[in-house]
Amino acid sequence: GKLLSARFLPCDNARGTILLFHGYRSSALLDFGLEVEFLHKQGYNLLLCDQRAHGASQGRFLTFGVRERCDVLSWVTYLAQRLGPEHPMYLSGMSMGATTVLMASCFEFPANVRGIVADCGFTSPWDIMKSVLHARCKWLPAAPLLLALNVFSTLLGGFSLRECSTTGAVAAAAAKYPILFIHGKADDFVPTRMSQEAYDACASEKRLVLIDGAAHAKSYITDPARVQSALEDFFENHLPKEEQV
C-alpha cells in the first residue's frame, strides 16, 4: 500500500534499463551521481529509485533490505509491463541498496532481468549492526542490545534483523542471475569480508572485484577505470545475443 517514487532517465534506442537502488539514508543521485553519465552513455535507460522511507517514496520505516527486496520485484514487474517482456534489465545497488538487490535475487523475476550488480553490500541487518557496534563501541555488549533492537524492529517495523541474508538469498536454488560484486578493500564501515561471504555462497555465475584503497561506497571514485571496465563487461556479456556488439 505504499507509493514508491523514482526518476527515469531515458536513452534513445536503449539497449536495456538499469535500476539503481541507493544506500541507508541516501539517494540514488548521491550514491550513483558519478556513474550516471557513464551508464547512460553506454546506451541504457536509468531508473533512480527512492527506497521506501526515503526521498519521495512513502513508508515510516526502512528495513535494511528485508522489505525493500519486495519493492525491487514491484519495480521490475512495473517496468516489464511498460517496456515489454523482452527489454533487458539489470539491478544495481550500493551499500544497503546492494543488500536489497542481493536479498531479492531469490525471487523469480520476469525473464528480462539479466543480472545484478552489488557494490559494498552487507550480509544482513544483524551482521552490519553487530559489526558497527564492535568497531565503534567495543565496551558495549552487542548481543543484548541487538536482541532488544530486534524486538523493537519486529513490533514497530514488522521485520526481524535476522529474517533474511544476502548469503542465504544468493545460495538459493532460484538465485540464477549473474552477479557482479564490487567492494573497496579499505571499507571500514561494511567489511570487505561481507561481499566475499556472499560471493562464496553464490550459486550462480559470479565475479568479485576488490578495489585497493577504496573506502565505503568509494570504489568508483577511487578506481573509475577498473570499475567502468567491470561494469561494461558485465552488462555487455549478459545482453541478449542479438544486442551484443
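How many residues line the largest pocket, and which of them lie nearest its centre?

A: The model under discussion is a predicted one. In it, the largest pocket is lined by 29 residues. Those that lie nearest the centre of this pocket are Gly 23, Tyr 24, Ser 95, Phe 189 and His 216. The volume of the largest pocket is about 580 Å³.

Several helices take part in this lining. At least two residues each come from helix H1 (28–31), helix H2 (33–41), helix H5 (125–136), helix H6 (142–157) and helix H9 (219–222). Of the contributors, H5 gives the most, with five residues. Sorted by class, the lining of the largest pocket comprises 18 nonpolar residues, six polar ones and five charged ones.

The largest cavity has a volume of about 50 Å³. Its lining consists of Phe 32, Glu 35, Ser 92, Gly 93, Val 117, Asp 119, Ile 182, Val 227 and Leu 231. Strand E4 (89–94), strand E5 (113–119) and helix H10 (224–237) each supply at least two residues of that lining. By class, five residues around the largest cavity are nonpolar, two are polar and two are charged.

The second largest cavity holds about 30 Å³ of space. Around this second cavity stand Leu 4, Phe 21, Asp 50, Gln 51, Arg 52, Asp 71 and Trp 75. The lining of the second largest cavity divides into three nonpolar residues, one polar residue and three charged residues.

A final point concerns the cysteines. A disulfide is a covalent bond between the sulfur atoms of two cysteines. A search of the whole structure finds zero disulfides. Cys 11 is in no disulfide, and the nearest cysteine sulfur, that of Cys 49, is 17 Å away. With a relative accessibility of 17%, Cys 11 counts as buried, because the term applies under 20% relative accessible area. Cys 202 is likewise buried, its relative accessible area being 7%. For Cys 202, the closest cysteine sulfur belongs to Cys 106 and lies 12 Å from its own sulfur, which is too far for a bond, because a disulfide requires two cysteine sulfur atoms within 2.5 Å.

Technical notes:
Residues numbered from 1 in each chain as written. Predicted model: local features only at pLDDT ≥ 70, side-chain atom pairs only at ≥ 80, totals over all residues. Heavy atoms only, no water. 1 Å grid on protein atoms, 1.4 Å probe; cavity = no way out; pocket = protein on both sides within 12 Å on 5 of 7 lines; lining within 4 Å. Points joined across faces, edges and corners; volume = space filled by probe spheres on them. Helix = DSSP H or I, 4+ residues; strand = E, 2+ residues; numbered from the N terminus. Nonpolar A, V, L, I, M, F, W, Y, C, P; charged D, E, K, R; others polar. Buried < 20%, exposed > 50% of the residue type's maximum accessible area, 1.4 Å probe, protein only.
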